Amino acid sequence: MKAIALKIPFRPIALGLVVLLFSGVLLERAQAGGGHFFPPVTDPLVREECGSCHLAYAPSMLPKSSWTRMMGELKNHFGDDASVDAAKTERITRYLNANAADSGGQRNGGKLLRGVSMENAPLRITELPRWVSEHRKISTAEWKSKKVGSKANCVACHVDAERGYYDE
Amino acid sequence: MPTKTTTTLLLAALLLPLGSSAASRDELLGQYALSARAASPAFSGFSAARGEKLHVTKFAGGKAETPACTSCHADSPLSAGRTPAGKSIDALAVSLTPTRYTDPAKVEKWFKRNCHDVLGRECTPLEKGDWLSYMISQ
């Protein structure tokens, strides 16, 4: 009996089970959007034009009204000139709106936008009440640290933000 | 014989993209040279040394938080830089980032934005050519 029990490769089986469970969890999150996943920008043009100065923010974090307003004022974009030609502006606007928080099927963004009127067109993700409450424990010193520098620097803390994950 | 042909083809395939990116940089430099000469008949070519000076000098005309090109791009063109919002920027030296300065529209877009941020005005064709020569030499 003893000899037989020893021959069963428990370790690989256990490992396999853990991997299976884990990928199941990840998949579930990706599909059902369990709080941490915001589909990242996949369009190369949007990545290029909206992802050089900062992370190309997930379109599902703001409603259509916000993207439309922002795309109309790119010449003065938080003090920067982020403008591009008219054809590109139109293509980018279309992409952002098609994937916006209120475009349907984007439940995550909906979560981040709880308590925000979709018509209000907020320009900052970092000023949404829900975002502020998720980050209330972070000290001013931490925001100002060399590693972070700005609230808009999501990647400093969320190392997988480029891939859409916002767990720590 | 077939091996030799294959090798030649492979070599050609490898060299072609290199050749064309160098060509598009040369073309851009050529255009800046034309404009620089038109602006000043005394123009006698670009200088990487002047380009380096432009790159590291602190100016007062632009935004307070970005007095120099090196405020975002690292002190050395061989190092990666960082924007105020924390995004990392690949090294500017062509030797390290071979895709640099191969898309004229991209180059012009960033000269426009960045010169405004740093100097509070557009850069002249002379300044652009000098700066580009510096980065190509690195």
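User: What makes the space of about 60 Å³ in this predicted model a cavity?

Analyst: A cavity is a set of points where a 1.4 Å probe fits but cannot get out. The largest cavity holds about 60 Å³ of such space. Among the residues lining this cavity are Phe38(A), Arg47(A), Tyr57(A), Glu162(A) and Gly164(A).

User: How many residues of each class line the largest cavity?

Analyst: Its lining has nine nonpolar, one polar and two charged residues. Arg and Glu count as charged, and both Arg47(A) and Glu162(A) are in the lining. Gly counts as polar, and Gly164(A) lines the cavity too.

User: What is the volume of the second largest cavity, and which residues line it?

Analyst: The volume is about 30 Å³. The lining includes His73(B), Ser76(B), Pro77(B), Asp90(B) and Leu92(B). By class, six residues are nonpolar, four polar and one charged. Asp counts as charged, and Asp90(B) is part of this lining.

User: Why is Ala121(A) called buried?

Analyst: Buried means under 20% relative accessible area. Ala121(A) has 8% relative accessibility, so it counts as buried. This residue sits in the loop between helix H6 (107–112) and helix H7 (129–134) of chain A.

User: Is Tyr101(B) buried or exposed, and where is it?

Analyst: Tyr101(B) has 8% relative accessibility and therefore counts as buried. Its place is the loop between strand E2 (88–89) and helix H3 (104–119) of chain B.

Definitions and conventions
Residues are numbered from 1 along each chain as its sequence is written. Chains are lettered from A and ligands numbered from 1 in the order in which they are written. This is a predicted model: local features need pLDDT of at least 70, side-chain atom pairs count only at pLDDT 80 or more; totals for chains, interfaces and linings use all residues. Side-chain values use heavy atoms; hydrogens and water are left out. On a 1 Å grid over the protein atoms alone, a cavity is a set of points where a 1.4 Å probe fits but cannot get out, and a pocket is an open set with protein on both sides within 12 Å along at least five of seven lines; lining residues have an atom within 4 Å of a point. Grid points are joined across faces, edges and corners, and a volume is the space filled by probe spheres set on the points. Helices (H or I, at least four residues) and strands (E, at least two) are DSSP runs, numbered from the N terminus. Buried means under 20% relative accessible area, exposed over 50%, partly exposed in between (1.4 Å probe, protein chains only).
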